[in-house]
Amino acid sequence: MSDKSPRDTLFAAADAEFGQFTFDQKVVEVFPDMIKRSVPGYTTIIHMVGQIAERYAQTGTRCYDLGCSLGASTLAMRHRIQAANVSITAIDNSPEMVERCTIVLDADSHEIPVNLICQDLLDSEIHNASVVIMNFTLQFIPPALRDTLIARIYSGMNSGGVLVLSEKLTFDDEHHDTLMSELHHYFKKTNGYSDLEIAKKRAAIENVLIPESLECHKKRLENAGFRGTELWFQCFNFSSLLAFKP
């Protein structure tokens, strides 16, 4: 994903009116800048996705990037996987994201085949999977449907497969939750976002992005059958977990 995207100023205008946050064309145009300046540790997570895929991709299987946006995780896997006869399936429900992701992937010269699909993850089939990546995707799925989606991912994975689940977290301890939120907001301010921009985006995304606790994620993964779940990355209220199918 290129660092040359336009700067994110979507919420900079004092008189601008916004409804709920959606991954429309305006967001697509500035998405690389937006996520880099909004999600602490995002670059590290993407880099490590490539390493994890290199280690766990199994010969003759599929790797999935669920909620692929502009294909950062797809490219990270594509550039590192060494196993033979592996393909990548990248899925996103935003037509605008998929259209731009197509351009990004077409400009990449690596030979691992990628099947890019515009589809709701709740309608997607997962099968013969050795690596599944969900980077900040589950948090946009209605909470009542998350158990079903995780269970379906588990069913479609091969033994020894790994799920990388990256999510924004909430915390049961009110003081800790407030502290992590404040540190995240300060991170965005140091990356050039104004208090106005931070407040407007928070209002737009409040009922769209619904975070859960680490304990909730671990319990859901365990109930689906995953084992060896580990928190491998956390920066403030952003995290990434590994979960394995025995």
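Modeller: Buried means under 20% relative accessible area, exposed over 50% and partly exposed in between, with a 1.4 Å probe and protein chains only. What you see is a predicted model, where local features need pLDDT of at least 70 and side-chain atom pairs count only at pLDDT 80 or more, while totals for chains, interfaces and linings use all residues. Residues are numbered from 1 along each chain as its sequence is written, and side-chain values use heavy atoms, leaving out hydrogens and water.

Colleague: What makes F23 count as buried, exposed or partly exposed?

Modeller: F23 has 27% relative accessibility. That falls between 20% and 50%, so F23 is partly exposed. F140, at 24%, counts as partly exposed too.

Colleague: Why is the aromatic pair of F23 and F140 called edge-to-face?

Modeller: Rings of Phe, Tyr and Trp (its six-membered ring) pair if their centres lie within 6.5 Å; planes under 30 degrees apart are stacked, over 60 edge-to-face, and the rest tilted. For F23 and F140, the centres are 5.3 Å apart and the planes make 80 degrees, hence edge-to-face.

Colleague: Which parts does the pair tie together?

Modeller: F23 sits in the segment before α1, and F140 in the loop between β4 (129-135) and α5 (143-155), so parts 117 residues apart in sequence are tied together. Helices (H or I, at least four residues) and strands (E, at least two) are DSSP runs, numbered from the N terminus. The two rings also belong to one aromatic cluster, F21, F23, F31 and F140.

Colleague: How do you know whether α1 is parallel or oblique to α4?

Modeller: The axes of α1 (residues 25-38) and α4 (residues 95-106) cross at roughly 45 degrees and come within 8 Å. That makes α1 oblique to α4, because under 35 degrees would be roughly parallel, over 145 roughly antiparallel and 65 to 115 roughly perpendicular, with oblique for the rest.

Colleague: Which residues meet there?

Modeller: Q25, V28, E29 and F31 in α1 meet E96, M97 and R100 in α4.

Colleague: What makes S69 buried or exposed?

Modeller: Its relative accessible area is 10%, under the 20% limit, so S69 is buried. S69 lies in the loop between β1 (62-66) and α3 (72-78). Not counting residues up to four places away in sequence, S69 touches F31, D92, M97 and C101, where contact means heavy atoms within 4.5 Å.

Colleague: And H217, buried or exposed?

Modeller: H217, in helix α8 (residues 214-224), has a relative accessible area of 1%, so H217 is buried.

Technical notes:
Axes are lines fitted to C-alpha atoms, for helices over the stretch in contact, and angles run from 0 to 180 degrees between N-to-C directions.
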